[in-house]
Amino acid sequence: MNVTWELELATEIHVQPTVEQLTDHMSEQQRQAFRDKIQRYIQKPDRDLILAVRGPEVLGLVCVIDQAELPPGLSVENMGYLKNFASGTQLLVHPSFRGRGIGSSLHIHAESWARKRGLPGYWFITHRMAHWYERDFGYVTIASIEVEGVKKIVMAKKFD
Ligand SMILES: CC(C)(COP(=O)(O)OP(=O)(O)OC[C@H]1O[C@@H](n2cnc3c(N)ncnc32)[C@H](O)[C@@H]1OP(=O)(O)O)[C@@H](O)C(=O)NCCC(=O)NCCS
């Protein structure tokens, strides 16, 4: 199936369709938490929520944050390295639309959002997709952390 999509900035009107269309796999409790996060991403002035859309359908999203708080437990060296970097969170593509480049386009857009603000790099936390970020985007793992009992890694890239 050939899919085309556009990237756009989310506003209040997107909250309901985003929650309806991207939470099939979630419990009611997870869905509520997801809705709260989406609201926060739209309302807070230091971040933008970027959506991948096909007409009225929401196919994926990523939230980009201008200098998010760093995770606890990082070394002083890493804290210095990540100083002023932008951060990404919640990169997600609907399971039926994966493997078509939507996730890459969202991530590339997030990086350019950071570059346009003059921020020196980009970091995020992941636990499954490290190989993808290394291979396709040149990220390196800078630390391992535990979030709510789950082992995750912090990946980062300094822009050229
Ligand atoms: C991670 C995630 C966002 C990737 O989204 P996606 O739309 O599938 O991403 P892409 O299609 O751009 O790239 C993913 C893979 O498809 C491949 N691909 C890219 N374009 C493609 C295309 N046109 N046709 C087929 N495959 C393609 C990529 O090379 C990559 O291959 P890999 O599986 O060998 O690494 C998605 O899998 C997801 O939502 N996962 C659950 C949440 C998650 O893990 N988020 C990341 C946490 S930081």
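**Core, sheet, ligand shell**

I'm working from a predicted model. I began at Leu49 and listed its contacts, leaving out residues up to four places away in sequence: Ala10, Ile38, Tyr41, Ile42, Leu61 and Cys63.

Next I checked the largest nonpolar core, which has 33 residues. Leu49 is among those with the most contacts inside this core, along with Ile50, Leu61 and Val64. The elements giving it two or more residues are helix H2 (28-43), strand S2 (47-54), strand S3 (57-65), S4, H4, S5 and strand S7 (150-158). S3 puts in the largest share, seven residues.

Then the sheet. I read an open sheet of seven strands with mixed pairing, in the order S1-S2-S3-S4-S5-S7-S6. Which strands stand at the edges? Strand S1 (6-9) and strand S6 (140-147) do; each has a single partner strand, so one side of each lacks a neighbour in the sheet. I noted an average twist of 25 degrees from one strand to the next.

I also looked at S4 and S5, which pair in the parallel sense over two bridges. Ser87 has Trp123 in S5 as its bridge partner.

On the helices: H1 (residues 15-22) packs on the sheet, touching S2, S3 and S4, and its direction makes about 110 degrees with that of S3. H4 lies across S1, S2, S3, S4 and S5, at about 30 degrees to S3.

Last, the ligand. I found 15 residues around it, and Arg98, Gly101, Gly103, Ser104 and Thr126 come nearest. Strand S4 (86-93), helix H4 (102-116) and strand S5 (121-126) each give two or more residues to this shell. By class I got seven nonpolar, five polar and three charged residues.

Conventions
Residues are numbered from 1 along each chain as its sequence is written. This is a predicted model: local features need pLDDT of at least 70, side-chain atom pairs count only at pLDDT 80 or more; totals for chains, interfaces and linings use all residues. A residue is near a molecule or strand if its C-beta atom, placed from the backbone, lies within 6 Å of it. Helices (H or I, at least four residues) and strands (E, at least two) are DSSP runs, numbered from the N terminus. Ala, Val, Leu, Ile, Met, Phe, Trp, Tyr, Cys and Pro count as nonpolar, Asp, Glu, Lys and Arg as charged, and the others, Gly among them, as polar. A nonpolar core is a set of buried Ala, Val, Leu, Ile, Met, Phe, Trp, Tyr and Cys residues joined through C-beta atoms within 7 Å. A residue is buried if 20 or more other C-beta atoms lie within 10 Å of its own, exposed if 12 or fewer, and partly exposed in between; C-beta atoms are placed from the backbone. Two residues are in contact if their C-beta atoms, placed from the backbone, lie within 7 Å. Two strands pair if DSSP finds at least two bridges between them. Axes are lines fitted to C-alpha atoms, for helices over the stretch in contact, and angles run from 0 to 180 degrees between N-to-C directions.
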